[in-house]
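User: I would like to go through this structure feature by feature. Please give the general idea where there is one, then the case at hand.

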Amino acid sequence: MLVIDTNRGRIVIEMEPRVAPRAVERVSLLARKGTYDGLLFHRVIDNVLVQTGNPNNKDGGGSELPDLKPEFWVPDPLTTKVTWVRTTNDGSDGAIGSLPVAKGTDQFMPAWVAHCTGIVAMGRQRDPNTANSEIYIMRGSARGLDHDYTVFGRVLAGQAAVDALAVGEPPVKPDRMIRVRIAADLLAADRPRLEIMDVKSREYSTFALARGRTFGPRLSICDMLPPARSLN
């Protein structure tokens, strides 16, 4: 887990190295080096996303480390680990860990992580090979971003802090990341403890059915994200 302490509160992100190992390795390294400490949320679009992680506090920056190759798709061997929760005429929806996964009807097209609220991914420039240090967190669902950016995690606690960040490109008074750490590196008393609903459980089946009744034909995997709760 990645723990981001901001002036608006704590954000806890579950990273998924099985889906994006290079991105998780990079973000973990930068967090441990202290690169992210004090950086601003330099671009915040209401109901869409927030961006941070560039040492120059604006778009187009990056760390001294080399850029990363894209990890836009769920690796083929990992697809067997996806729990598929429903199939429609448009394809299939499921989850791996806490991440929402989608797959189209084309059998040759790999699966991908859906851009739902709380999804965390690597920012980049026009060239898909330019992810470096910038990250963004979704404030809403934006499925048009699917399979075009490297998704590496999901917010499990602190989405309210994400939603409270000052809006602007850049904001007039931007908020900042005060401290960014890996949860395992924190003292036990400061380490977040979380549970997430198992998508293979009876409780999740009941939850998904209830969401289906609520959203009807508009239902998407973003409406069925496995809930998480804090144990602290």
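Analyst: This is a predicted model. Start with a charge over a ring: arginine 124 lies over the face of tyrosine 149, at 4.5 Å from the ring centre.

User: Which aromatic pairs are there, and how many?

Analyst: The count comes to three aromatic pairs. One of them is formed by tryptophan 73 and tryptophan 112, which are edge-to-face at 6.1 Å centre to centre, with 85 degrees between the planes. This pair links distant parts of the chain, 39 residues apart: tryptophan 73 is in the loop between strand S4 (49–52) and strand S5 (83–88), and tryptophan 112 is in strand S8. Tryptophan 73 is partly exposed, with a relative accessible area of 31%, while tryptophan 112 is buried at 10%.

User: Why is the pair of tyrosine 136 and tyrosine 149 called edge-to-face?

Analyst: Planes over 60 degrees apart count as edge-to-face. The planes of tyrosine 136 and tyrosine 149 are at 90 degrees, with ring centres 5.7 Å apart, so the pair falls in that class. Tyrosine 136 lies in strand S10 (residues 135–138) and tyrosine 149 in the loop between S10 and strand S11 (151–157), so the pair ties together parts that are 13 residues apart in sequence. Tyrosine 136 is buried, with a relative accessible area of 3%.

User: How should I read a disulfide, and where is it in this chain?

Analyst: A disulfide is a covalent bond between the sulfur atoms of two cysteines. There is one disulfide here, and it joins cysteine 116 to cysteine 222 with an S to S distance of 2.0 Å. Distant parts of the chain, 106 residues apart, are linked this way: cysteine 116 is in the loop between strand S8 (112–113) and strand S9 (119–122), and cysteine 222 is in the loop between helix H3 (202–215) and strand S14 (228–230). The torsion about the S-S bond is about -80 degrees, so the disulfide is left-handed. Both cysteine 116 and cysteine 222 are buried.

User: What is the order of the strands in the open sheet?

Analyst: Strands of a sheet pair through backbone hydrogen bonds, either parallel or antiparallel. In this model four strands form an open sheet in the order S5-S6-S7-S8, with antiparallel pairing. S5 and S8 are the edge strands, each pairing on one side only. Strand S6 (residues 91–96) is joined to strand S7 (residues 99–103) by five bridges, and isoleucine 96 stands opposite leucine 99 in S7.

User: Which residues of H3 are buried, and which are exposed?

Analyst: The buried residues of H3 are Tyr204, Ala208 and Phe215. They cover an arc of only 40 degrees around the axis, which puts them on the same side of H3. The face turned away from that buried side carries the exposed residues Arg202, Glu203, Thr206, Leu209, Arg213 and Thr214. As for length, the 14 residues of H3 should span 20 Å at 1.5 Å a residue, and the end C-alpha atoms are 20 Å apart, which agrees.

Terms used:
Residues are numbered from 1 along each chain as its sequence is written. This is a predicted model: local features need pLDDT of at least 70, side-chain atom pairs count only at pLDDT 80 or more; totals for chains, interfaces and linings use all residues. Side-chain values use heavy atoms; hydrogens and water are left out. A disulfide is a pair of cysteine sulfur atoms within 2.5 Å. Helices (H or I, at least four residues) and strands (E, at least two) are DSSP runs, numbered from the N terminus. Buried means under 20% relative accessible area, exposed over 50%, partly exposed in between (1.4 Å probe, protein chains only). Rings of Phe, Tyr and Trp (its six-membered ring) pair if their centres lie within 6.5 Å; planes under 30 degrees apart count as stacked, over 60 as edge-to-face and the rest as tilted. A charge sits over a ring if NZ of Lys or CZ of Arg is within 6 Å of the ring centre and within 35 degrees of the ring normal. Two strands pair if DSSP finds at least two bridges between them. The expected span of a helix is 1.5 Å times one less than its number of residues. The arc is that of the directions from the helix axis to the C-beta atoms.
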